[in-house]
Amino acid sequence: MQGIGIAAGSEVDFMIHGIFSYELFGQTLWITTSHVCLSIVVLSLMVFCIFANKAIKKGKQKPGTFQNIVELIVEMLDKMVGNVMGPSAPRFANYISTIFIFILCSNLSGLLGLRPPTADYGTTFALGVTTFVLIHFNKFKHQKVSGVLKGLCEPWVIWAPINVIGDFAVPVSLSLRLFANILSGTVIMALIYTLLSKIAIIWPGALHVYFDIFSGAIQTYVFCMLTMTYIADACAES
């Protein structure tokens, strides 16, 4: 399991490593450290959701600590989505809340010594593509084909190719922003723990606060805020 964390052994190690390979339809596929870290985050969230679901279903008038935490999380996410998306919020609250919690927990997983799944472009690009599909599904649903074509030709018809490029740049920009910021923190912490291992005692905690908690929370919020803005704009009637 070497390389699952941000550093391994005495050498700088912030790369993704293959753990084992298997053959599928004549192709060699690898299970990597990124898959392992991603699985740990997803399974942890699934366990939390199972207990949260039970806590809400058996909710008491005088809630306990865990129920209070769950209700606080739901209320904060619903408020965030509602403030940005307005009338469209109820339809997208589950999606936005899901990616918010997933991205945040992935970013914070560096505190546990894992390599954050969001430091893998395969993860962030998949999130960007999912958002891209959702944006254009709603754009065609609410604005129809005529509205979409009209939007591409604004302010002049000659701008249509540029607008098309701008649309396809959305998943790339969303995914690269998140990926680059998280990867930079991962690389810096790996360098510190490896090259300064003899004096890397206690004080790197301050850097974890910035890279894993502060920067991780900011990048989560930015990704979700841009996603909500794009979707809300797509849902606007032409």
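Predicted model: local features only at pLDDT ≥ 70, side-chain atom pairs only at ≥ 80, totals over all residues.
A residue counts as exposed when its relative accessible area is over 50%, as buried when that area is under 20%, and as partly exposed in between.

**Aromatic pairs**

The structure holds six aromatic pairs. In one of them, the ring centres of Phe-132 and Phe-168 lie 5.5 Å apart with the planes at 40°, so the pair is classed as tilted. This pair links distant parts of the chain, since Phe-132 belongs to helix α4 and Phe-168 to helix α5, 36 residues apart. Phe-168 has a relative accessibility of 54% and therefore counts as exposed, whereas Phe-132, at 16%, counts as buried. The rings of Tyr-210 and Phe-211 have their centres 5.1 Å apart and their planes at 80°, so this pair is edge-to-face. Here Tyr-210 counts as partly exposed at 43% relative accessibility, while Phe-211 is buried at 16%. Ring pairs also join Tyr-121, Phe-125 and Phe-179 into a cluster.

**Helix α2**

Helix α2 has 21 residues and reaches 30 Å from its first C-alpha to its last, which is close to the 30 Å expected at 1.5 Å a residue. Its buried residues are Gln-67, Val-70, Leu-77, Met-80, Val-81 and Met-85, and these pack against α1, α3 and α6. The helix is followed by Gly-86, which has a positive phi near 60°.

**Pockets**

| Pocket | Volume | Nonpolar lining residues | Polar lining residues | Charged lining residues |
|---|---|---|---|---|
| Largest pocket | about 440 Å³ | twelve | four | one |
| Second largest pocket | about 330 Å³ | five | five | five |

The largest pocket, with a volume of about 440 Å³, is lined by 17 residues, of which Cys-49, Leu-77, Ser-97, Thr-98 and Ile-101 are the closest to its centre. The elements that give two or more residues to this lining are α1 (33-57), α2 (65-85) and α3 (89-108). Leu-77 is also among the buried residues of α2.

The second largest pocket, at about 330 Å³, has 15 lining residues, and the closest to its centre are Lys-139, Gln-143, Gly-151, Asp-167 and Asp-233. Two or more residues of this lining come from each of α4 (121-152), α5 (160-195) and α6 (204-235), with the largest share, nine residues, coming from α4.

Note on methods: Residues numbered from 1 in each chain as written. Heavy atoms only, no water. 1 Å grid on protein atoms, 1.4 Å probe; cavity = no way out; pocket = protein on both sides within 12 Å on 5 of 7 lines; lining within 4 Å. Points joined across faces, edges and corners; volume = space filled by probe spheres on them. Helix = DSSP H or I, 4+ residues; strand = E, 2+ residues; numbered from the N terminus. Nonpolar A, V, L, I, M, F, W, Y, C, P; charged D, E, K, R; others polar. Expected span 1.5 Å × (residues − 1). Buried < 20%, exposed > 50% of the residue type's maximum accessible area, 1.4 Å probe, protein only. Contact = heavy atoms within 4.5 Å. Phe/Tyr/Trp six-rings, centres within 6.5 Å; stacked < 30°, edge-to-face > 60°.
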